[in-house]
Amino acid sequence: MKKNIYSSSIETARALILHIVNLVLNEPDRMFDIAFSGGSTPALMFDLWANEYKAVTPWDRIRVWWVDERCVRPEKPDSNYGMMRMLLLDVVSIPEANIFRIMGENKPKEEAARYSALVKEHVQSQGNFPVFDIVLLGAGNDGHTSSIFPGQEQLLISPEIYEATYNPNTGQNRIALTGQPIINAAQVIFFIMGKDKADVVSEICQSGDTCPAAYIAHHAGEVLFFLDQAAASKLQ
Ligand code: 6PG
């Protein structure tokens, strides 16, 4: 686990954007499959990316996937797709064919199966699971990641690529990338910011498999953390 810690949220976001852009630029002959999480943390990154780095990004070689989605229509304020579309995808020159939305408005189980098949069709596999180039994760204060919440640990070993699940705090239906395809990724990146995440960052980095995010961090191959000082403040 490589921890990259920055003085501010904007510098953390900037470093992450540059990491992703350089990864794509360094291999100019291929497509990159990147799965993005939602929630509030990525919003700052999407906004900065659109304002300062859109011209240097080879959008034609990036396929955008989602780690998870809330089962709501895309125009709803808590749609992960809707947020990324508004802040980034609508203002950069990415081909529409490179954007693979989880259709939150569909029946959850059917959409999980549809999206799993879509990923299987487009993303190279190793064994039974796709190999995303990057799976970009956040972490909730309760230690959830993707939409795999404490108590839903069966999703960490599911044979399915995506499953229908729910947020136990709100009852909201979700579609989630499960544990094994996350672990299978070439790079798993945790992008976590803010002092209210200091405890969960400490748990992920300094405890056992005590929560879904920690399990992923301990079992994935290449795991990178992009943290601001506030989120990293309880690391030894
Ligand atoms: C989601 C995310 C989820 C998120 C964490 C952290 O759909 O909510 O994919 O896993 O990464 O909940 O969310 P914040 O960035 O809002 O703290």
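Before I list any neighbours: I count a contact when heavy atoms come within 4.5 Å. Also for the record, I'm working from a predicted model.

Entry 1, arginine 61. I found arginine 61 in the loop between helix H2 (41-53) and S3. Leaving out residues up to four places away in sequence, I get arginine 61 touching Val24, Leu25, Glu27, Pro28, Asp29, Arg30, Met31, Phe32 and Asn98.

Which side chain of opposite charge is nearest to arginine 61? I get aspartate 60, 5.0 Å away. A salt bridge needs the nitrogen within 4 Å of a carboxyl oxygen, and arginine 61 has none, although it is buried.

I traced six strands in an open sheet, ordered S1-S11-S10-S7-S2-S3, with parallel pairing. Strands S1 (2-6) and S3 (62-66) sit at the edges with a single partner strand each, so one side of each has no neighbour in the sheet. From one strand to the next I get an average twist of 20°.

S1 runs parallel to S11 (residues 223-228), and five bridges join them. Isoleucine 5 stands opposite leucine 227 in S11. I also looked at helix H6 (residues 198-206), which packs on the sheet and touches S1, S10 (187-192) and S11. The direction of H6 makes about 155° with that of S11.

Notes
Residues numbered from 1 in each chain as written. Predicted model: local features only at pLDDT ≥ 70, side-chain atom pairs only at ≥ 80, totals over all residues. Heavy atoms only, no water. Pairing = 2+ DSSP bridges. Helix = DSSP H or I, 4+ residues; strand = E, 2+ residues; numbered from the N terminus. Axes fitted to C-alpha atoms, helices over the stretch in contact; angles between N-to-C directions. Buried < 20%, exposed > 50% of the residue type's maximum accessible area, 1.4 Å probe, protein only. Lys, Arg positive; Asp, Glu negative; His and termini not counted.
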